[in-house]
Amino acid sequence: MATTFERAATGRPVSRTPVWFMRQAGRSLPEYLKLREGTSMLESCRRPDMVTEITMQPVRRHGVDAAIFFSDIVVPLQAAGVGVEIKPGVGPVMDQPICRAEDIDALPELTPDDIPDIVESVRGIVEQLPEDTPLIGFAGAPFTLASYLIEGGPSKNHEKTKAMMVGAPELFDRLLSKLDVMSELFIRTQVEAGASAFQVFDSWAGYLCEEDYRRYVLPHTQRLFSGLSDLDVPSIHFGVQTGELLTAMSEAGSTAVGVDFRVDLAEGIKRIQPHQALQGNLDPAMLFAPWEALQERIESIVRKGLEAPGFVFNLGHGVLPNTDPEVPGRVVREVHRISEQVLAEKA
């Protein structure tokens, strides 16, 4: 039987709105920080015992309706053999940025033999999860992975990426095509091991205008979702600062579209496909506000979200590191209470 999250993310009726939080697995939780002491981010992502425990921590503490696989979007690159390090306070940094055709040709391909730990981690998590709490797998979208590879790390302007995109479009297309295959395998591995849904993060897509996104990026993202369509599980497409791209992003092929906190949900509904579910979109900074103000914001989002064919409550981006670890669980309970009330009003 489908869980509440799976039903909501595919536009089917629910008795209450499901909740999960991006970056719920870690960052703000003291138990996570204690477990991670002395272990690098990438190492912790490749150890099934740690991945399982970290993924389960917010499920136990917050009572969320879905778990998100603890990993990082550069794990497939590292697993394939790309030199990458996640530097604290910086993010993923590449040993050798990609700038020539030879670099793209030399980019190693990911194979199932590279990620047996991912299979072990997913199976271990699914064994521990409550029956009504699915696991969401994920991967980075080809464009976002390409930006890290081309820039050599995080970038404020993505100038090297855009220069290749418009100046050497054939090279850019070849790179994204290789990353399509990598992300597809990484997601497929998670779902076939037991994940019940997946999310594609296009973190840097919001730095593009719609014309460039449609021309250079959307075909690859469509290919990714199309390649995974046989899995028949809920899928979510999410990007940051992508309000102007929502309509284009909604054409990629996901069952649900994530909306960041900069877009009003009522407007977000208008920008996506009529049959798609919506996910979002509480500003993570609002978790620091007084409860009365936060409560009012939660109710507004729930009421607007429930006008979509399906609705999953989430933050408009990830949980911030200094968030009081007691607040997300309180938000979960409030979303459940309000959504049950609103749905009863509609009945």
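Student: In which sense do β7 and β8 pair, and over how many bridges?
Tutor: Strand β7 (residues 256-258) pairs with β8 in the parallel sense, over 3 bridges. Strands here are DSSP runs of E with at least two residues, helices are runs of H or I with at least four, and both are numbered from the N terminus. Two strands pair if DSSP finds at least two bridges between them. This is a predicted model, where local features need pLDDT of at least 70, side-chain atom pairs count only at pLDDT 80 or more, and totals for chains, interfaces and linings use all residues. Residues are numbered from 1 along each chain as its sequence is written, and side-chain values use heavy atoms, with hydrogens and water left out.

Student: What is the bridge partner of G258 in β8?
Tutor: Q279.

Student: How does the chain get from β7 to β8?
Tutor: Through helix α13 (residues 265-271), in a right-handed β-α-β crossover. Right-handed means that, with the strands pointing away from the viewer, the path from the first strand over the helix to the second runs clockwise.

Student: Is β8 buried or exposed?
Tutor: Buried: 6 of the 6 residues of β8 (residues 277-282) are, so the strand is largely enclosed by the rest of the structure. Buried is under 20% relative accessible area, exposed over 50%, partly exposed in between (1.4 Å probe, protein chains only).

Student: Changing topic, where is H158?
Tutor: In the loop between α8 (142-151) and α9 (159-167). H158 counts as buried because its relative accessibility is 1%.

Student: Which residues does H158 touch?
Tutor: S147, E151, W204 and Y207, leaving aside residues up to four places away in sequence; contact means heavy atoms within 4.5 Å.
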